[in-house]
Amino acid sequence: MGSTKLAVLALALALSGAASGQEKKITLGAAVQLTGRLANTGRYYGDGYQITVDRINQKGGVTVGGTKYQLALRIYDSQSDTNLGVRQYVQLLTQDKVNFLLGPFSSNDALDDSSVAEKYQVPMVQGGGASTQIFSRGYKYVFGTLPPADDYFSSTIKMMGKIDPKPKTVALVAADDSFDVSVANGTRKLLKEAGLELVVDKQFRENNADFSSILSLVKSKGPDVILWAGHEGEALNFIRQAKSLDVNPKLLYSFTVGVPTADFRKALGKDAEYAFGMTPWLPEKELKDDWFGDAEQFAKEYQARFNYPPDYHAASAAADVETFAKAVAAAGTLDPKKVRDEIAKVDFQSLYGHVKFQPNGQISLPQTVIQIQDGKVVPIFAEDFIGKPRYPIPPWSKR
Amino acid sequence: MQLFGQILVNGILLGGLYGLMGLGMGLVWGVLKIVNLAHGALIMLGGYALYFLYTKAGVDPFLGLPLAMLAMFVLGYLLQTLLLNLIVRSAQLNTLLLTFGLDVVFVYLAQLLFTADFRTINPPYAGKNVSLSGVTVPYAQLGAFGVAVLLAALLYLVLDKTRTGRAVRATAQNLVAARLYGVNPKRIYAITFGTGAALAGAAGGLYGIVSQITPYIGVTLTAKSFVIAILGGLDKPLGVIGGGLVLGIAEAMAALYLDPTYTDIISFGLLVLVLVARPAQLLGRA
């Protein structure tokens, strides 16, 4: 009996030894908003990271200096609490000893969480924070795959210069969080350069639910265009209240978020029609990818697995994981400093677009102007018109 | 001047809904001495109840409101009977802890069951409006305002004229005396909390018509309800509606004439002012 027990024990030991020998792992850590008020967008990051990690592993993992590694994920739910997120990132590095960091959603969170990466000198590639504030602090370990917030409206304003009738006056309404402050600052500059007159310029409190005062003010000024920056829930309220107070821009309105997102369009139903927006990403066949084939296939697999379609947040998250796969392979080591230097040099085609970081760590991608037409997202304008806009948008009374 | 008129109307309409939110909180607070931290979560659940009644069963939101309120009354009655009655006479901290726990449970259950997707109750007339000498009055908001005032008036009448209502007030004023006169406080507490939940449910449904519902709307609404209940006085239904109006108008005016980012400063600034000027308000004996 005793010898049998010993044999079993020895076998178990041998097996576990073999298993741990095989399982060389690179762990990526992140604190993502899986619950709380940002959960609706946060899920793109949790799910986007997971599907990409699984796919890379399925295709053989990552080869580092001749050894095969599998990717692993360690994700905490930050409950949409920025302070909790920061603590979780510290925990990821000090207790869980993850190799590298992925980011949270939203500029406010990325702004704080990236300081943890910089302090511990572990690279973070984050696809959820676009504010230029994140990249203007001289940090070396923070990389971002969302295009700069300052430029969100630049393609829209370019389009306004080429469209007939040409808009002259603009109302700018933006939230007071890091991302939207950055959008508003950039937009003011772009409007000035384009010679457009700013007739309303109002900032609102993040998480604001009532826009009636701002809308009434906008109505009294009768601008040609409304440019709006904030989070999805607020965009929803803005549009619903614009309808109930019969507030119409003379020519068009555009929103930084929401328009490319399926459940936003679903919640608004017909009222979502005609809204302009922008996206750095559309699930197109032309966007080739080493692991997923192309963006269209990625979108299909994502939808099949998670039961909702991806938008650019999910694609940006996928690009973050792929960036690590590329950089670690190129570095041939897991040393954070060397991997950091390789991330700064990456230059590859992905399902998300061309991934290459500027010296400040942020990607540069053009924003395609989109519009909701018959419940679908239609690309309208990139460098020039690529689709037919429904313009000027009809007032609520004529819809 | 026209803009001023519009802002005033916006503020009044919003204030009515605010008042309804504060009504349930004030009632529970006044009678049970419980600061119900799950009040916002009850508002949220009421919103979902009406949302599903409208989208799944096709019931018109304003007709479905009594049904949603009934469901919330039952929930509230059960919560009080099975849980809150166990600790209603213990230290205030216990009731705070329990209602806070309920809030967490409700919010996370809601995300599990309903996901974090945005929901709107969007009947065809939701965005319609009428223009009166240059001032736009949205029907849905006007309807919500009407319902709020109606419910406050009903609550006032019930508390003032019916036997049960008088028992509720008696319990709030002097528990021992009420018991001597044959009032069963546990039953009265359950009815009170159920009514509070039903009022929260109505507010949630109306909120879904004019705004949106997610599992997370509750936190800020609990805070708002708290302010409104204190502004209005805890056991005076019409006063609470008045408190809602004050807050709604103040916020709307501040957004235009000061800065839209100041709305929270206004609401909590008002709270501080009331507490400084009339601290008795908080003790429920104003």
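Modeller: Two strands pair if DSSP finds at least two bridges between them. That rule comes first; the model itself is predicted.

Biologist: What makes S4 and S5 of chain A a pair?

Modeller: The cut-off is at least two bridges. Strand S4 (residues 100-102) and strand S5 (residues 124-126) of chain A are joined by two bridges, so they meet the rule. They run parallel. Leu101(A) stands opposite Met124(A) in S5(A).

Biologist: Why are S2 and S6 of chain A placed at the edges?

Modeller: The open sheet has six strands, ordered S2-S3-S1-S4-S5-S6 in chain A, with mixed pairing. Strand S2 (62-64) and strand S6 (142-144) of chain A each have a single partner strand, so each has one side without a neighbour in the sheet. From one strand to the next, the twist averages 30 degrees.

Biologist: Which strands does H2(A) touch?

Modeller: H2(A) packs on the sheet against S1, S2, S3 and S4 of chain A. Its direction makes about 165 degrees with that of S3(A). Helix H11 (residues 312-331) of chain A also packs on the sheet, touching S1, S2, S4 and S5. The direction of H11 makes about 30 degrees with that of S2(A).

Biologist: Why is Ser212(A) called buried?

Modeller: The cut-off is 20 or more other C-beta atoms within 10 Å. Ser212(A) has 29 C-beta neighbours inside 10 Å, so it counts as buried. Ser212(A) lies in helix H7 (residues 212-221) of chain A. Leaving aside neighbours within four places in sequence, its contacts include Gln241(A) and Leu245(A), and also Asn10(B), Leu14(B) and Ala252(B). Across chain A, buried residues make up 54% of the 399.

Biologist: How do you know that the radius of gyration of chain A agrees with a compact globule?

Modeller: For 399 residues, a compact globule would come near 21 Å; chain A has 23 Å, which agrees. The C-alpha trace spans about 90 × 40 × 35 Å along its principal axes.

Biologist: Where are the domains of chain A divided?

Modeller: Domain 1 covers 23-147 + 283-355, and domain 2 covers 151-279 + 367-398. Their centres, over C-alpha atoms, are separated by 30 Å. The contact takes 15 residues from domain 1 and 11 residues from domain 2.

Biologist: What supplies the largest share of the side of domain 1 of chain A that touches domain 2?

Modeller: H4(A) does, with three residues. By class, that side of domain 1 has six nonpolar, eight polar and one charged residues.

Terms used:
Residues numbered from 1 in each chain as written. Chains lettered and ligands numbered in written order. Predicted model: local features only at pLDDT ≥ 70, side-chain atom pairs only at ≥ 80, totals over all residues. Rg over C-alpha atoms; globule rule 2.2 N^0.38 Å. Buried ≥ 20, exposed ≤ 12 C-beta atoms within 10 Å, placed from the backbone. Domains from an automatic or database assignment. Contact = placed C-beta atoms within 7 Å. Helix = DSSP H or I, 4+ residues; strand = E, 2+ residues; numbered from the N terminus. Nonpolar A, V, L, I, M, F, W, Y, C, P; charged D, E, K, R; others polar. Axes fitted to C-alpha atoms, helices over the stretch in contact; angles between N-to-C directions.
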